[in-house]
Amino acid sequence: MPHPSDTPFDLLLLPTWLVPVEPAGVVLREHGLGIRDGRIVLIAPQAEALKYGANEIRHLQGMLLAPGLINAHGHAAMTLFRGLADDLSLQRWLREHIWPAESRWVDEDFVRCGTELAIAEQLKSGVTCFSDMYFYPKVISELVHRHGVRAQITIPVLDFPVPGARDADQALRTGVALFDDLKHHPRISIAFGPHAPYSITDDKLEAIRILVAEMDAGIHMHIHETAQEVQEALRKHGERPLARLARLQLLGPRFQAVHMTQVDESDIALLTEHNCSVIHCPESNLKLASGFCPIERLWEAGINVAVGTDGAASNNDLDLLGETRTAALLAKAVAGSATALDAHRALRMATLNGARALGIDDQTGSLEIGKFADLVAFDLSGLSQQPIYDPVSQLIYSTGRDTVQHVWVGGKQLLEKGQLLRMDEQRIITEACRWGERIASTNNG
């Protein structure tokens, strides 16, 4: 461990439990974490940490300090469609409700309001970094910058016109320009998001392949979300969607395969060969009856699996801690094994695995010297967490997002005692309600 300099820490945190995630399975009791210039510079027993001095010391009694949660897939502005069209199959939900609603309502103001609502909800849920795939990405980038969070902003690319882009070519141009503007931003990365195999043609996928190779950018794509998608691909192309993407040379370490509820041995072989990541969205998949991603089989094959909430229109919340609990329970049922996806691995899936999927695991996702101080403190002193034998098990199986007390991103505190420090929560609620009233009046009319 590098020896800290004689300069006092900017901030010294003294939690009851510190869970670094890397190395795996470790829980440090009565340790301190020192922060300087936004990065972690010390993890040591509290008595030793206190010797160095700090401009500010925070005692986090009864709290578990962990890496900030990483929501590896979502559509932030869709918070404004929360509950608009529930209890429907995926294709009916998309074609009869969501796509028409987006065509009618989505503009820059919609995206601004919905994304602010999503950022606020996620911060209060312990999320310090999220991947967003939605329209008007420049608006999204401005909000991420302003509110101090970390994000991968994914440029949606489809064969038909979408809000803010009349065709795929315009979407790609927008993405390239935004990538150039933000390539040195410390908290924002740009990826490209061909929506799904059924909504984009080979020539556009080829254009994306060339772009991401030149830019070293990620590809983020809904794939193998339903059995119908795979069956239709076999009928039209004579190959499974993942095999088509492999043939087009899109797969690789920067490929983020979202959903993957339909998986056979050939899919696992391709994901392993190309070192792809899978983004698991269990609650959205359950709600839309899309299927079950076989997490344990993927994990055993050495595939990096992260977790995402998907959009609030199909979840209906952005509670990544709750999502992770669902993932852990569902993994056991799908594998037929109570030992599948234990609590420590589940937390890793929601933190370091997410960072790896987004290509930022050298910067965040675990509590290690030199990484950004992206942190969340959970209060485990409450009635429903007692007694505590393994604090990580309590976190995953007994704890709700209401226990999130403090959040830091790059060493800057964004949430204190459950209260947002840089966002006006009441204003955000009021504006969201106004949008809801407008949308509801039109739908009812």
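Analyst: What follows is a series of questions about this predicted model, each answered by setting a value against a cut-off.

User: How do you know how confident the predictor was in the protein chain?

Analyst: The confidence score, pLDDT, runs from 0 to 100, and the mean for the protein chain is 96, with 98% of its residues reaching 70 or more. Confidence is lowest in helix α2 (residues 90-105), where the mean is 90, and highest in strand β6 (residues 69-71), where the mean is 99.

User: Are Cys276 and Cys293 buried or exposed?

Analyst: A residue is called buried when its relative accessible area is under 20%. Cys276 has a relative accessibility of 2%, and therefore counts as buried, and Cys293, with a relative accessible area of 2%, is buried as well.

User: Why can one speak of a buried face of helix α9?

Analyst: Helix α9 (residues 265-273) has the buried residues Asp267, Ile268, Leu270 and Leu271. Seen down the axis of α9, these buried residues fall within an arc of 165°, and so they line one face of the helix. The face turned away from that buried side carries Glu265 and Glu273, which are exposed. Among the elements covering the buried residues of α9 are α8 (241-247), β11 (255-259), β12 (277-280) and α11 (295-300).

User: What makes the arrangement of helices α12 and α15 parallel or perpendicular?

Analyst: The axes of helix α12 (residues 320-335) and helix α15 (residues 391-398) come within 8 Å and cross at roughly 95°. Angles from 65 to 115 degrees count as roughly perpendicular, and therefore α12 and α15 are described as roughly perpendicular to each other. Where they meet, Leu321, Thr324, Arg325, Ala328, Leu329 and Lys332 are the residues of α12, while Leu395, Ile396, Tyr397 and Ser398 are those of α15.

User: Why is His259 called buried, and which residues does His259 touch?

Analyst: His259, which is found in strand β11, has a relative accessibility of 0%; the limit is under 20%, and so His259 counts as buried. Leaving out residues up to four places away in sequence, His259 touches His73, His222, Ile223, Glu225, Ile279, Cys281, Asn285, Cys293 and Asp310.

User: Where in the sequence is Pro253 relative to Gly218, and how many Å separate their C-alpha atoms?

Analyst: Gly218 and Pro253 are 35 residues apart along the chain, and their C-alpha atoms are separated by 8.5 Å. For Gln122 and Ala76, the separation is 46 residues in sequence and 9.6 Å in space, C-alpha to C-alpha.

Key
Residues are numbered from 1 along each chain as its sequence is written. This is a predicted model: local features need pLDDT of at least 70, side-chain atom pairs count only at pLDDT 80 or more; totals for chains, interfaces and linings use all residues. Side-chain values use heavy atoms; hydrogens and water are left out. Buried means under 20% relative accessible area, exposed over 50%, partly exposed in between (1.4 Å probe, protein chains only). Helices (H or I, at least four residues) and strands (E, at least two) are DSSP runs, numbered from the N terminus. The arc is that of the directions from the helix axis to the C-beta atoms. Contact means heavy atoms within 4.5 Å. Axes are lines fitted to C-alpha atoms, for helices over the stretch in contact, and angles run from 0 to 180 degrees between N-to-C directions. Angles under 35 degrees count as roughly parallel, over 145 as roughly antiparallel, 65 to 115 as roughly perpendicular and the rest as oblique.
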